[in-house]
Amino acid sequence: MSFWAALKTHGWAYPALEVVHIAGIALVIGNLVLLELRVFGLGRMLPAKELARLCLSLTVAGFALIAASGLVMFATQAEELLANRAFTLKMVLLMLAGCNAAWFHGRKSLDRLDGMARALMLVSTILWLAMAASGRWIAYL
């Protein structure tokens with residue numbers, strides 16, 4: 001039996017993949033919120049760059065889990081997902097989150113910790129929460 005057939009036929013396989021996806025989401029959002037709190041001034045005794053190094057490595061690990069599990073889930077039902085508005089919204093939000101992260105790091109926001117850095121961190125968290133919400137809506141649209 002192929003991997004794809006097993007994923008579709010075994011009762012525990014797809015839900016296990018969803019658990020991996022959700023664990024990745026938790027790593028991403030949890031670490032972004034932690035870094036956002038520091039950018040907003042909480043925990044000033046923690047150096048922002050060192051905290052960011054830890055948070056961003058965990059965020060990258062979480063994103064790797066999301067991407068890998070998401071691609072496998074997508075491969076099992078690509079046609080249905082491409083026609084799903086919630087999935088389309090989730091992918092647009094993902095692209096916007098990537099652009100937002102590039103802007104945040106490109107302007108060296110961790111060196112500045114200014115109003116723009118706070119705004120970009122807040123936008124990032126909102127985008128990731130909206131992605132999680134739209135991901136849940138995929139099953140209902």
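**View 1. Helix α3, end to end.** In this predicted model, helix α3 takes in residues 48-76, 29 residues in total. From first C-alpha to last it reaches 41 Å, close to the 42 Å expected at 1.5 Å a residue.

**View 2. The buried residues of α3 and what covers them.** Look along α3 for its buried residues: Ala48, Leu51, Ala52, Cys55, Thr59, Gly62, Ile66, Ser69, Val72, Met73 and Thr76. In an α-helix, residues three or four places apart point the same way, because there are 3.6 residues a turn. The cover over the buried residues of α3 includes α1 (3-9), α2 (13-39), α4 (78-82), α6 (109-112) and α7 (115-137).

**View 3. The largest pocket.** Here the volume comes to about 750 Å³. The pocket has 27 lining residues, and those closest to its centre are His21, Met73, Lys90, Gly135 and Ile138. Two or more lining residues come from each of α2, α3, α4, α5 (85-106) and α7. α3 gives the most, with 7 residues. Sort this lining by class and you get 18 nonpolar, 5 polar and 4 charged residues.

View 4. Of its 19 lining residues, Leu32, Thr59, Ala97, Ala101 and Trp128 lie nearest the centre. The elements giving two or more residues to the lining are α2, α3, α5 and α7, with α5 supplying the largest share, 8 residues.

Notes. Residues are numbered from 1 along each chain as its sequence is written. This is a predicted model: local features need pLDDT of at least 70, side-chain atom pairs count only at pLDDT 80 or more; totals for chains, interfaces and linings use all residues. Side-chain values use heavy atoms; hydrogens and water are left out. Helices (H or I, at least four residues) and strands (E, at least two) are DSSP runs, numbered from the N terminus. The expected span of a helix is 1.5 Å times one less than its number of residues. Buried means under 20% relative accessible area, exposed over 50%, partly exposed in between (1.4 Å probe, protein chains only). Contact means heavy atoms within 4.5 Å. On a 1 Å grid over the protein atoms alone, a cavity is a set of points where a 1.4 Å probe fits but cannot get out, and a pocket is an open set with protein on both sides within 12 Å along at least five of seven lines; lining residues have an atom within 4 Å of a point. Grid points are joined across faces, edges and corners, and a volume is the space filled by probe spheres set on the points. Ala, Val, Leu, Ile, Met, Phe, Trp, Tyr, Cys and Pro count as nonpolar, Asp, Glu, Lys and Arg as charged, and the others, Gly among them, as polar.
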